[in-house]
Amino acid sequence: MAGHGTEEHPHGADRLCDAGDRVYSRAVRRGRVPRRDADPVPCLLELALLHPDPDDMDWLVPTSPQEVMTRLLRGVYDEVSASQRRVGSAVAAFEWYAGLGPQPPQVSGVEGTAIRVLDGDSRIQGALDEATQACTSQVLTVQPGGIRPEHELTEGLHRAMELRGRGVRMRDLYTHVARHGQGLLNYLELMGDSVEARTLDEVIDRLILFDRTVAFVPANADRTMALELRHPALVNYLVTVFERLWRLAIPLTAPLPDTGIEGISHREQSIAALLAEGHQDAVIAERLGISVRTCRAHIARLSETLGAASRTQLGVRIAQVGLDRQRASSSGAAVISAAGVPRVPGLPGQESPTGR
């Protein structure tokens, strides 16, 4: 294999070279390939896409595509989580240094302010109204939680219709649970092709982006303060987070993928994966946008289906059937920590500028 080291294959498993693609595809189709076929593409062994056949060391067998996908999505999660921590540190540092000097008077509606703290519902609503009126092309939103209450959807309908009338395109990300809300389905039908919606097992908390120039994120936990961000680096980072989630999400009009395990629903598969990570019922419920009571009912059904008599035994059975590994590969969900970009507080009545 001299002359065919990693220097000639500077790529990861998500973008194989042409030769590696041909050999790996052949291995997946046939179940194995002769070891000599992989000599020109050592990247397949280095990336653990092929490994020796224990029954015949002259042959190589492929790692399943599902396992490779899980590995890749886990890497995306780690990258985004690290970036979220860096943004949080940057904002904290800014607030610390800003507090060392005299505080300049805050003037509502000042353009070009990189980070503006919006204190109180009226200021938050006013800033959202300004951003909505100035928007000319695109609104991106992330809407955590479960089924959207119909009164929240109707309260901001006039904003959505105003945006639609100006030809503004809207893309919204929800949790899978939101699919069961008739109010959301009615809203999307009314808005037509001006709004596109996709869902994930779980999403980051509230995020609103206008024209990729201004973003709104939370500033505290009791929904009375928010941050208006106009710094290009911060806004570009949030756009990147949204686009990565969007790429992994499932269109609202498409069905959720089958789990491949009889008696296990898609939601129960997601709960099983979070149980395997060691999360408590309340945390799982919050991340998936369901009530704790509903979460525990699903856990009870999981126990019954998998034949587990205790919580400890359930964890063992989840690992045995592979439910601890399937969540990322089967759902296309990016597992992004809800602690990364917190819920936008203080967006009264609606959870986005369009009332969702």
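Predicted model: local features only at pLDDT ≥ 70, side-chain atom pairs only at ≥ 80, totals over all residues.
Let's begin with Asp172, a residue of strand 6, the strand that runs over residues 169–175. Asp172 has a relative accessibility of 0%, and therefore counts as buried, the cut-off for that label being under 20%. Its side chain does have a polar partner: the side chain of Thr141 makes a polar contact with that of Asp172, at 2.6 Å.

Next, turn to a loop. Thr213 sits between strand 8 (207–210) and strand 9 (214–218). Is Thr213 buried or partly exposed? With a relative accessibility of 43%, Thr213 counts as partly exposed, because that class covers values between 20% and 50%. If you set aside the neighbours within four places in sequence, Thr213 is in contact with Leu229, Arg230 and Val235.

Finally, follow the chain to a pair of helices. Helix 11 (residues 292–306) packs with helix 12 (residues 311–321) at an angle of about 65 degrees, and their axes are 10 Å apart. That angle is why helix 11 counts as roughly perpendicular to helix 12. The crossing of helix 11 and helix 12 is left-handed. On the helix 11 side, the residues that meet helix 12 are Ile299, Leu302, Ser303 and Leu306; helix 12 brings Arg311, Leu314, Arg317, Ile318 and Val321.

Note on methods:
Residues numbered from 1 in each chain as written. Heavy atoms only, no water. Helix = DSSP H or I, 4+ residues; strand = E, 2+ residues; numbered from the N terminus. Buried < 20%, exposed > 50% of the residue type's maximum accessible area, 1.4 Å probe, protein only. Polar contact = N/O pair within 3.5 Å; in protein donor to acceptor, adjacent residues only side chain to side chain. Axes fitted to C-alpha atoms, helices over the stretch in contact; angles between N-to-C directions. Parallel < 35°, antiparallel > 145°, perpendicular 65-115°, else oblique. Left-handed = near helix turned anticlockwise from the far one by under 90°. Contact = heavy atoms within 4.5 Å.
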